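We will go from one selection to the next, with a short note at each stop.

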Amino acid sequence: EARINEFHADPTAPFVELFNANSVALNLGGTWISDDPQNLKKLQLPPDFHLPARGLVALTRQQLGESFVLARTTGFVALTSAKGDRVIDAIQLDRGNKTVGKNAPVETSSTSTPPDQITLPRGRHSDGGTELVVLREPTPGQSNRARAPVGLVINEIHYHAPASRSD
């Protein structure tokens with residue numbers, strides 16, 4: 001089963017990484033990848049596009065082309081069947097990092113994630129997993145590493161109460 005494993009919407013070096021959860025190679029030739037929920041047939045993968053067993057392949061700006069503009073989207077990426085009638089996997093960030101899975105309908109939203117948040121690398125926690133997290137750094141073609149710290153974390157407080165006064 002092919003999954004969108006990671007993507008990075010950095011305008012200078014965007015990429016979409018695919019992961020094969022199977023123990024045999026997958027031929028994804030003819031399938032489609034898109035950053036537009038209204039046009040799921042945006043970029044067709046070449047006929048000889050193979051995803052190695054338990055392997056990762058990153059599609060870079062060169063393979064995606066200039067019209068693939070992740071940084072200006074609402075954080076949507078989809079992989080669809082060769083006929084374009086079935087969603088193999090999709091990720092949409094404007095619904096609280098919700099992932100839309102295999103054979104699921106593609107949903108759109110009128111709200112969007114702020115652009116500075118979309119440009120952070122996103123990936124599945126453990127390759128091919130279901131949890132989508134913000135990554136500390138992009139890892140195209142490699143296993144996803146540590147997630148980025150989110151929010152404020154206080155791990156220790158030192159407090160010395162003032163001495164009580166007797167009035």
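**Stop 1: the five-strand sheet**

Start with the open sheet of five strands, whose order is S7-S2-S1-S11-S12 with antiparallel pairing. Strands here are DSSP runs (E, at least two residues) and helices are DSSP runs too (H or I, at least four), numbered from the N terminus; two strands pair if DSSP finds at least two bridges between them. Now colour S7 and S12 (132-134): these stand at the edges with a single partner strand each, so one side of each has no neighbour in the sheet. From one strand to the next, the twist averages 30 degrees, an angle that runs from 0 to 180 degrees between the N-to-C directions of axes fitted to C-alpha atoms.

Before going further, keep in mind that this is a predicted model, in which local features need pLDDT of at least 70 and side-chain atom pairs count only at pLDDT 80 or more, while totals for chains, interfaces and linings use all residues. Residues are numbered from 1 along each chain as its sequence is written, and side-chain values use heavy atoms, with hydrogens and water left out.

**Stop 2: the whole chain**

Zoom out. The chain contains two helices and twelve strands, arranged along the sequence as β-β-β-β-β-β-β-α-β-β-β-α-β-β. Of its 167 residues, 41% are buried, where buried means under 20% relative accessible area, exposed means over 50% and partly exposed lies in between (1.4 Å probe, protein chains only). Among contacts with a separation of 6 or more, 54% join residues 24 or more positions apart; a contact means heavy atoms within 4.5 Å.

**Stop 3**

Select residues 15-20, which form S2. How many of the residues of S2 are buried? The count is six of six. In general, side chains in a regular strand alternate between the two faces of the sheet. In S2, Phe15, Glu17 and Phe19 lie on one side, Val16, Leu18 and Asn20 on the other, and all are buried.

A hairpin of six residues joins S1 to S2, and the two strands pair in the antiparallel sense over six bridges. Look for His8, whose bridge partner in S2 is Phe15.

**Stop 4: the nonpolar cores**

Show the side chains of Val16, Leu18, Ile33 and Leu45: these have the most contacts inside the largest nonpolar core, which has 23 residues. Such a core is a set of buried Ala, Val, Leu, Ile, Met, Phe, Trp, Tyr and Cys residues joined through side-chain atoms within 4.5 Å.

Centre the view on Ile33. Beyond its neighbours within four places in sequence, its contacts include Val16, Leu18, Leu59, Phe68 and Val77. A second, separate core of five residues includes Leu40, Ala78, Val87 and Ala90.

**Stop 5: Asp89**

Finally, pick Asp89 in strand S9. Is Asp89 buried or exposed? Asp89 counts as buried because its relative accessibility is 1%. The side chain of Asp89 reaches the backbone nitrogen of Ile4 at 2.7 Å.

How values were computed:
Polar contact = N/O pair within 3.5 Å; in protein donor to acceptor, adjacent residues only side chain to side chain.
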